[in-house]
Amino acid sequence: MPSRQVEAAVALLDEIPRTRLIARSSLYRSAPFGGIEQPDFVNAVAALLTRLPPGELLHELQSVETRQGRERDDTRWGPRV
């Protein structure tokens, strides 16, 4: 269920080393775009304070995505887990 995925991802953000989750929005839906038929996205916004340099933070964020089951390919605006 998409809302559970987002909630789990937010919890993982709070586990990133030298980083603290300081705020988050409620969940909201948005329509997909880009011409690929798929269900609405469930989104949220998170605010983090971090002492990580940009490259390390990006690595940690992509690690959260991987732990949540995301497999990267070259499909632009394609379906997400």
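A residue counts as buried under 20% relative accessible area, as exposed over 50%, and as partly exposed in between. The exercises below apply to a predicted model.

**Exercise 1.** Determine how R24 and E7 are classed by accessibility, and which interaction joins their side chains.

*Solution.* R24 has a relative accessible area of 35%, so R24 is partly exposed. E7, at 37% relative accessibility, also counts as partly exposed. The two side chains meet in a salt bridge, with an N to O distance of 2.8 Å. Because R24 lies in strand β1 (residues 19-24) and E7 in helix α1, this pair ties together parts 17 residues apart in sequence.

**Exercise 2.** Describe how helices α1 and α2 meet, and name the residues that make the contact.

*Solution.* Helix α1 covers residues 2-13 and helix α2 residues 54-67; their axes come within 10 Å and cross at roughly 140°. The crossing is right-handed. On α1 the contact involves A9, L12 and L13, and on α2 it involves L61, V64 and R67. Sorted by class, the contact has five nonpolar residues, one charged residue and no polar ones.

**Exercise 3.** Identify the salt-bridge partner of R67 and state whether each residue of the pair is buried or exposed.

*Solution.* The partner of R67 is E15, their closest N and O atoms being 3.9 Å apart. A salt bridge requires these atoms to be within 4 Å, so the pair qualifies. R67 belongs to helix α2 and E15 to the loop between α1 and β1, 52 residues apart. R67 is exposed at 55% relative accessibility, and E15 is exposed at 53%.

Technical notes
Residues are numbered from 1 along each chain as its sequence is written. This is a predicted model: local features need pLDDT of at least 70, side-chain atom pairs count only at pLDDT 80 or more; totals for chains, interfaces and linings use all residues. Side-chain values use heavy atoms; hydrogens and water are left out. Axes are lines fitted to C-alpha atoms, for helices over the stretch in contact, and angles run from 0 to 180 degrees between N-to-C directions. Helices (H or I, at least four residues) and strands (E, at least two) are DSSP runs, numbered from the N terminus. A crossing is left-handed if the near helix is turned anticlockwise from the far one by less than a right angle, and right-handed if clockwise. Contact means heavy atoms within 4.5 Å. Ala, Val, Leu, Ile, Met, Phe, Trp, Tyr, Cys and Pro count as nonpolar, Asp, Glu, Lys and Arg as charged, and the others, Gly among them, as polar. Buried means under 20% relative accessible area, exposed over 50%, partly exposed in between (1.4 Å probe, protein chains only).
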